[in-house]
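Morning, everyone. I'd like to walk you through one chain today. Let me put it on the screen.

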Amino acid sequence: MFNSIARLPTDKILGGVLLNQKLSPASLENPADRRKLQQLLRTFFEVHQGWHVQYNIVSRETLLAAKAQPDQYRDLVVRVAGYSAFFTALSPEAQDDIINRTEHQL
């Protein structure tokens with residue numbers, strides 16, 4: 001995905017390119033996987049001249065539980081599109097959009 005994003009003519013796109021990604025918390029449980037993410041980001045920004053990336057590191061199950069039982073997840077903050085918000089304060093449509101984002105693994 002980063003290779004594809006890097007092909008965009010970001011110098012001609014006003015304000016750059018926003019990239020949202022969702023990672024499973026399980027994909028960052030061990031130090032080797034965290035180093036993989038660090039190297040991936042370094043490559044994206046240094047080699048491909050990436051513009052922006054923001055992450056939600058939360059499982060689909062947690063998001064579904066928060067939608068079903070919002071009182072128990074009032075402090076759950078997510079990246080939406082250039083800003084952060086309390087998940088339970090978002091509209092059902094925005095919640096579904098975040099839930100349905102592809103969950104990447106390293």
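Start at Val-80. Val-80 touches Asn-20, Gln-54, Ala-85, Leu-90, Ile-98 and Arg-101, leaving aside residues up to four places away in sequence. Contact here means heavy atoms within 4.5 Å.

Before going on, the ground rules. This is a predicted model, with local features needing pLDDT of at least 70 and side-chain atom pairs counting only at pLDDT 80 or more, while totals for chains, interfaces and linings use all residues. Residues are numbered from 1 along each chain as its sequence is written, and side-chain values use heavy atoms, with hydrogens and water left out.

Back to Val-80. Its backbone oxygen lies 2.5 Å from a polar atom of the Arg-101 side chain. A polar contact is a pair of N or O atoms within 3.5 Å; within protein, one must be able to donate a hydrogen and the other to accept it, and residues adjacent in sequence count only if both atoms are side-chain atoms.

So where does Arg-101 lie? In the loop between helix 4 and strand 5. Arg-101 is buried, at a relative accessible area of 16%. Buried means under 20% relative accessible area, exposed over 50%, partly exposed in between, with a 1.4 Å probe and protein chains only. Besides Val-80, Arg-101 touches Asn-20, Lys-22, Asn-56 and Arg-79, again not counting residues up to four places away in sequence.

Val-80 also belongs to the largest nonpolar core, which has eleven residues in all. Others in this core include Val-58, Leu-63, Leu-76, Phe-87 and Ile-99. A nonpolar core is a set of buried Ala, Val, Leu, Ile, Met, Phe, Trp, Tyr and Cys residues joined through side-chain atoms within 4.5 Å. Which elements give two or more residues to this core? Helix 3 (60-68) and helix 4 (92-100). Another core lies apart from it, with ten residues, among them Phe-2, Ile-5, Leu-23 and Leu-28. As background, nonpolar side chains tend to be buried together in soluble globular proteins.

Now step back to the whole chain. There are four helices and five strands. Helices (H or I, at least four residues) and strands (E, at least two) are DSSP runs, numbered from the N terminus. The order from the N terminus is α-β-α-β-α-β-β-α-β. The C-alpha atoms fill a box of roughly 45 × 35 × 20 Å along the principal axes. Of the 106 residues, 32% count as buried. Among contacts with a separation of 6 or more, 57% come from residues 24 or more positions apart.

Two strands pair if DSSP finds at least two bridges between them. Strands 1 and 2 pair in the parallel sense over four bridges. Asn-20 stands opposite Gln-54 in strand 2.

On to helix 4. Gln-95, Ile-98 and Ile-99 are buried there. They cover an arc of only 100° around the axis, so they sit on the same side of helix 4. That arc is taken from the directions from the helix axis to the C-beta atoms. The buried residues of helix 4 pack against strand 1, strand 2, helix 3 and strand 3. Glu-93 and Asn-100 are exposed, on the face turned away from the buried side.

Which residues of helix 2 are buried? Asp-33, Leu-37 and Phe-44. Seen down the axis of helix 2, they fall within an arc of 50°, so they line one face. They pack against helix 1 (2-6), strand 1 (20-23) and strand 2 (54-57). On the other side of helix 2, Arg-35, Glu-46 and Val-47 are exposed. At the start of helix 2, a side-chain oxygen of Asn-30 comes to within 3.0 Å of the backbone nitrogen of Ala-32.

Last stop, Gln-49. Gln-49 lies in the loop between helix 2 and strand 2. Its phi is positive, about 55°, although Gln-49 is not a glycine. Most residues other than glycine have a negative phi. At 53% relative accessibility, Gln-49 counts as exposed.
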